[in-house]
Amino acid sequence: MKLKNIDKFKKYIKLIIGYPQYHKIFKLLKINQNNRCVLIGTPIHGNLGDSLIAQQCIKYLENNYNYVIEIPEFVYEIFSNKIKINIDDDIYICGGGWMGNIYEDELVIEDIIKNYPDNKKIILPQTISFSPNGKYSSKNNLRSILSNDKKTIICVREENSYNLCLNDLKINPDNCLLLPDMALLALDNIKNGPHNKNRIIFSIRNDIEKCSSDIDLNNIKLYLNNKNYECFDSSTVISKKVIKIKYRNKYIQKKIEEYSNADIVITDRLHSMVFALLAGCKCIAIDNTTHKVSGVYKKWLYTINGLWVLENSSKLSDDILDKCLECQDYPSKIIFKNIFLELDRRINEL
């Protein structure tokens with residue numbers, strides 16, 4: 001991949017902080033091993049939702065392969081010319097919400113598809129979003145790249161992306177699969193409290209994916225304060241710019257512990273919603289501009305207790321708040337592992 005020198009330098013600095021052992025990847029790739037896969041695109045940034053996805057991707061792959069080589073996104077972006085993947089290696093691309101034209105990461109996916117035409121390539125569950133203001137790639141470009149490749153399976157995590165794949169990108173239905181977000185695999189082990197009944201956490205975006213209409217946080221918090229509830233701001237995107245891979249699980253567990261000490265999480269982040277469920281908290285989630293919150297909820301989480309998903313911030317009324325405050329039903333575990341058996345079957349048939 002071609003990067004501006006300044007961008008390459010910034011990413012390299014983050015890489016040597018987050019994964020100083022990155023050079024070992026090149027040595028591991030040179031060893032011939034049977035039943036091996038590589039996972040490309042894992043994060044070292046401070047978004048714990050992405051870290052949770054990476055954690056669950058690795059757990060899933062370790063159940064299916066003898067050897068899993070993790071290649072963080074920055075390693076691929078900086079050293080793609082040094083990465084030599086055997087033709088027998090299956091290539092997986094980490095799940096998330098970075099397909100489309102909003103994020104530069106899309107270019108990593110397109111580069112892998114072009115560079116490894118003979119390998120099996122599996123894009124783990126993604127949301128695909130093309131914005132009128134997006135500046136990376138296009139539907140036409142992605143469609144063209146995929147049309148020349150018969151060995152890529154695209155997994156998406158909600159109906160909108162699935163329909164986009166079939167109708168706009170013209171992907172063969174045999175090479176497209178609707179699966180849960182990888183982070184949802186962690187929901188087979190939900191924490192049960194302890195909950196502080198008077199504590200409410202707000203985790204609200206302030207980026208390109210935030211709600212299309214602003215949330216009136218001051219009035220909402222005032223309403224809750226008048227009912228003797230304490231309101232705190234938090235996020236699953238932490239202040240650290242870089243998370244060392246060896247501490248990934250620790251940061252994930254720390255966030256779950258933090259959320260478990262609240263009774264309710266109010267958020268417009270998909271993975272703040274997931275962390276709330278992992279912590280056994282009730283949750284009010286508001287849809288964002290890419291509709292990944294509502295999409296994942298409607299397909300995979302609509303039966304779960306203690307979860308309300310609203311189409312926009314205007315729906316966050318006093319009545320909804322009161323229903324959530326009074327509700328005594330909390331999330332319970334839900335198991336998605338068996339759904340991935342269909343992906344295993346399709347990979348074998350590639």
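## Cavity

About 30 Å³ of space lies in the largest cavity of this predicted model. A cavity is, on a 1 Å grid over the protein atoms alone, a set of points where a 1.4 Å probe fits but cannot get out; grid points are joined across faces, edges and corners, and a volume is the space filled by probe spheres set on the points. The count is one cavity of 30 Å³ or more. Its lining, meaning residues with an atom within 4 Å of a point, is made up of Thr42, Pro43, Ile44, His45, Pro72, Glu73 and Phe74. By class this lining has four nonpolar, two polar and one charged residues. Ala, Val, Leu, Ile, Met, Phe, Trp, Tyr, Cys and Pro count as nonpolar, Asp, Glu, Lys and Arg as charged, and the others, Gly among them, as polar.

The model is predicted: local features need pLDDT of at least 70, side-chain atom pairs count only at pLDDT 80 or more, and totals for chains, interfaces and linings use all residues. Residues are numbered from 1 along each chain as its sequence is written, and side-chain values use heavy atoms, with hydrogens and water left out.

## Largest pocket

The largest pocket (an open set of points with protein on both sides within 12 Å along at least five of seven lines) holds about 1,100 Å³ of space. Its lining has 39 residues, and His45, Asn47, Asp50, Tyr103 and Asp105 lie nearest its centre. His45 is also one of the residues that line the largest cavity.

At least two lining residues each come from helix 1, helix 3 (48-62), helix 4 (73-79), strand 4 (96-100) and helix 10 (270-278). Helices (H or I, at least four residues) and strands (E, at least two) are DSSP runs numbered from the N terminus. Helix 1 gives the largest share, four residues. The lining comprises 12 nonpolar, 10 polar and 17 charged residues.

## Second largest pocket

The second largest pocket has a volume of about 460 Å³. Of the 21 residues that line the second largest pocket, Gln56, Lys59, Leu185, Ala186 and Asp188 lie nearest its centre. Helix 3, helix 9 (248-260) and helix 13 (341-349) give two or more residues each to this lining, with the largest share, five residues, coming from helix 3. Nine of the lining residues are nonpolar, seven polar and five charged.

## Surface patch

Ile6, Phe9, Tyr12, Ile13, Ile16 and Ile17 form a nonpolar surface patch with about 500 Å² of accessible area together. Patches consist of residues with over 30% relative accessible area and no salt bridge; like charges are joined within 9 Å and nonpolar side chains (Val, Leu, Ile, Met, Phe, Trp, Tyr) within 5 Å. A salt bridge is a side-chain nitrogen of Lys or Arg within 4 Å of a carboxyl oxygen of Asp or Glu. Accessible areas come from the Shrake-Rupley method with a 1.4 Å probe, and for residues only the protein chains shown count as cover.

Tyr12 belongs to helix 1 (residues 5-18). Tyr12 is partly exposed, at a relative accessible area of 31%; buried means under 20%, exposed over 50%, and partly exposed in between (1.4 Å probe, protein chains only).

## Individual residues

Ile200 lies in strand 8 (residues 199-203) and is buried, with a relative accessible area of 1%. Ile200 and Leu224 are 24 residues apart in sequence and 8.7 Å apart in space, C-alpha to C-alpha.

Lys170 is not a glycine but has a positive phi of about 60°. Lys170 is in the loop between helix 7 (159-167) and strand 7 (176-178) and is exposed, with a relative accessible area of 59%. Asn228 has a positive phi near 70°, is found in the loop between helix 8 (217-225) and strand 9 (230-233), and is exposed at 59% relative accessible area.
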